Amino acid sequence: MAELSAETLKSELEIFGIPYQDDSVLDKMVEQCICSRLQIDKIVLEWVAYSSTKNGLKLTLDNLEQFEHEVLNKRNKQSFRIEETHNRTRDINSLQDLIKAEEEEDDLLDSYSTPAKGSQKRALTTPEHPRSKRSAALLASPGLLLSPASFSPSATPSQKYSQRGGKGEVVVTFGAVQGTRWVGRKAPGEGVQLELLEGPEDSLRCSYKYMFQRLRDVRNVLTEKIEELGEGLKSHFSIEEFSPVSLPAQDSVTVLGQVCCDSNGKLNAQSVLLEAGPEQGGQQVPVDLSELKEYSLFPGQVVMMEGMNTTGRKLVASKLYESVPLPFYTSEVKMEMDEEPMNVLVACGPYTPSDSLTFDPLLDLINVIVRDRPDVCLLLGPFVDSKHEQIEKAQVTETFEAIFTRCIESIVDGTRSVGCHLVFVPSQRDIHHHFIYPQPPFTLPNLSKDQRVTLVPDPCTLLIDGVTFGLTSTDILFHMGAEEISCGTGSDRFSRILKHMLTQRSYYPLYPPVEDVNMDYEKFQSFGQMPLTPDVLIIPSELRYFVKDVVGCVCVNPGRLTKGQVGGTYGRLLIQRSATSEDGKRVSPCLAAQVVKI
């Protein structure tokens with residue numbers, strides 16, 4: 001299969017002596033190859049045929065748009081119908097019916113013609129008598145970089161995905177969406193400043209050694225977390241000092257500690273312990289929550305409590321103080337008055353249906369990017385999902401790294417004409433990558449010089465045109481949702497968990513973590529904390545998609561691009577850095593946001 005690249009296209013055009021306007025024409029044709037599932041040589045032949053009918057049309061961007069509208073779009077509709085027919089005939093029974101029908105057709109033809117020397121009937125397809133080239137041609141041949149035929153013996157596209165309903169339906173809206181144009185700036189990506197907030201030196205840039213962690217080091221990290229949040233609580237609520245948790249006292253005391261469970265089971269109102277740091281004695285004390293009118297607690301949460309501990313063996317809590325979020329980012333660069341809003345697209349894997357290794361959802365997403373021309377695309381893993389049925393059963397015939405590389409190259413090549421920035425975030429479920437948290441960025445030497453591509457770790461904080469984005473592909477919502485207990489809060493669970501993340505100033509405040517998350521606590525202390533409260537927090541989850549404003553931070557769960565065998569959702573945001581309002585209050589830079597079905 002010829003490689004889908006501008007160089008291959010250039011050499012193919014030279015064979016026919018076809019001049020072209022500039023390199024942007026090559027990029028556009030490569031994009032059309034990917035979107036129309038054509039090989040380079042095929043699209044050149046299509047162009048030659050088309051231009052000859054138009055009296056030798058010149059190869060320009062405008063003419064390519066016309067070519068796409070008049071030829072490729074019609075061809076795609078026809079191939080889609082053919083593909084649907086093939087999809088229906090790829091099980092063994094219907095294949096045998098097809099062969100039988102052809103044999104009957106041959107018999108009918110034989111009755112009207114003179115018999116030839118050899119029989120014209122089709123031989124049975126068995127290992128001893130393999131299928132002929134003619135019958136092999138009945139099955140659709142892969143014609144695209146993302147075709148699964150080369151890395152999976154089962155190249156059948158997902159029936160349920162292709163028959164999904166509600167394509168492009170908006171399922172969640174946020175902000176002023178009336179009359180909003182969901183397109184990027186006139187020149188998408190140009191002039192967009194995108195970088196890691198902490199800078200390259202203080203960010204996780206490459207893989208590191210793990211699987212050696214001393215319990216003492218873990219203890220030190222947790223202790224420093226208690227002390228750091230304790231200082232914030234002490235200054236915010238004007239507390240002079242904290243009392244040791246296990247010291248008997250006849251008066252009301254104020255204590256600081258980390259919430260934990262008295263056993264290995266799930267936390268409940270009767271099993272809450274408060275574990276103090278070394279400065280407060282380092283002891284654990286059971287907590288009676290019966291006098292609290294409202295609370296929301298989870299294992300690993302650092303809290304301040306007020307209450308009575310007359311015996312030193314149980315704290316009867318009467319008041320619960322939560323930590324306070326960090327301040328927002330303030331840009332020193334002044335905003336231009338006529339600055340256009342920035343369009344940001346967010347999508348999270350898996351990018352294939354669970355019953356097939358075809359990347360059809362990803363191809364549909366590339367078409368959305370080409371149509372809407374966003375300025376920045378935030379793409380979170382998994383790209384090669386370890387939980388995929390065919391990967392779990394070892395039914396792939398190519399390395400995971402090769403599948404991943406081709407997947408990324410298709411995204412880069414398919415969006416080259418758009419010019420948008422691409423940010424790739426790894427996932428714990430990416431089978432070819434390190435299963436460790438925090439997770440280092442992907443390594444892609446071929447794309448290291450591409451200015452459009454940014455490879456970031458999980459989690460990370462990005463600064464895009466003066467607006468901060470917090471990103472994590474780890475499903476902390478699902479993990480904390482299973483552990484959190486609450487009473488009388490009056491708010492929904494998503495908002496509570498998101499507020500906990502912001503007040504605990506961490507991308508993964510749960511301790512101990514779930515079994516799926518392999519935490520390296522020393523790296524987590526350096527790279528897993530929030531340096532500030534982000535303007536936008538991207539937090540994809542298996543749970544239902546949403547867009548919420550939590551203590552001034554716009555939190556987005558775009559859902560996953562595929563949900564099992566059917567299509568999922570992606571998110572899009574309109575961002576404009578705004579000056580402080582007249583009354584001095586901060587104005588959110590997120591003008592509008594939507595979650596849309598693929």
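Guide: Angles under 35 degrees count as roughly parallel, over 145 as roughly antiparallel, 65 to 115 as roughly perpendicular and the rest as oblique. The model is a predicted one. Helix H1 (residues 6-16) packs on helix H3 (residues 40-53) at an angle of about 40 degrees, and the axes of the two helices are 10 Å apart. H1 and H3 are therefore oblique to each other. The crossing of H1 over H3 is right-handed. On the side of H1, Thr8, Leu9, Glu12, Leu13 and Phe16 make the contact; H3 contributes Ile40, Asp41, Val44, Leu45 and Val48. By class, the contact of H1 with H3 comprises seven nonpolar residues, one polar residue and two charged residues.

Arg37 occupies the loop between helix H2 (23-36) and H3. Although Arg37 is not a glycine, its phi is positive, at about 60 degrees. Most residues other than glycine have a negative phi, and most peptide bonds are trans.

Helix H9 (residues 360-372) and helix H11 (residues 400-414) pack with their axes 10 Å apart, at an angle of about 20 degrees. That angle makes H9 roughly parallel to H11. H9, too, passes its partner H11 in a right-handed crossing. In this contact, Leu362, Ile366 and Val370 of H9 meet Cys407, Ser410, Ile411 and Gly414 of H11. The residues of the contact of H9 with H11 comprise five nonpolar and two polar, with no charged residue.

Two peptide bonds may be considered next. Pro350 is located in the loop between strand E9 (342-348) and H9, and the bond from Gly349 to Pro350 is cis, with omega near 10 degrees. The bond from Gly381 to Pro382 is likewise cis, with omega near 10 degrees; Pro382 belongs to the loop between strand E10 (376-380) and helix H10 (389-392).

Rolling a probe the size of a water molecule over the atoms shows where empty space is left. The count comes to five cavities of 30 Å³ or more. The largest cavity holds about 80 Å³ of space. Helix H8 (residues 215-236) gives the most to the lining of the largest cavity, namely five residues.

The class division of the lining of the second largest cavity is eight nonpolar residues, no polar residue and one charged residue.

Technical notes:
Residues numbered from 1 in each chain as written. Predicted model: local features only at pLDDT ≥ 70, side-chain atom pairs only at ≥ 80, totals over all residues. Heavy atoms only, no water. Axes fitted to C-alpha atoms, helices over the stretch in contact; angles between N-to-C directions. Helix = DSSP H or I, 4+ residues; strand = E, 2+ residues; numbered from the N terminus. Left-handed = near helix turned anticlockwise from the far one by under 90°. Contact = heavy atoms within 4.5 Å. Nonpolar A, V, L, I, M, F, W, Y, C, P; charged D, E, K, R; others polar. 1 Å grid on protein atoms, 1.4 Å probe; cavity = no way out; pocket = protein on both sides within 12 Å on 5 of 7 lines; lining within 4 Å. Points joined across faces, edges and corners; volume = space filled by probe spheres on them.
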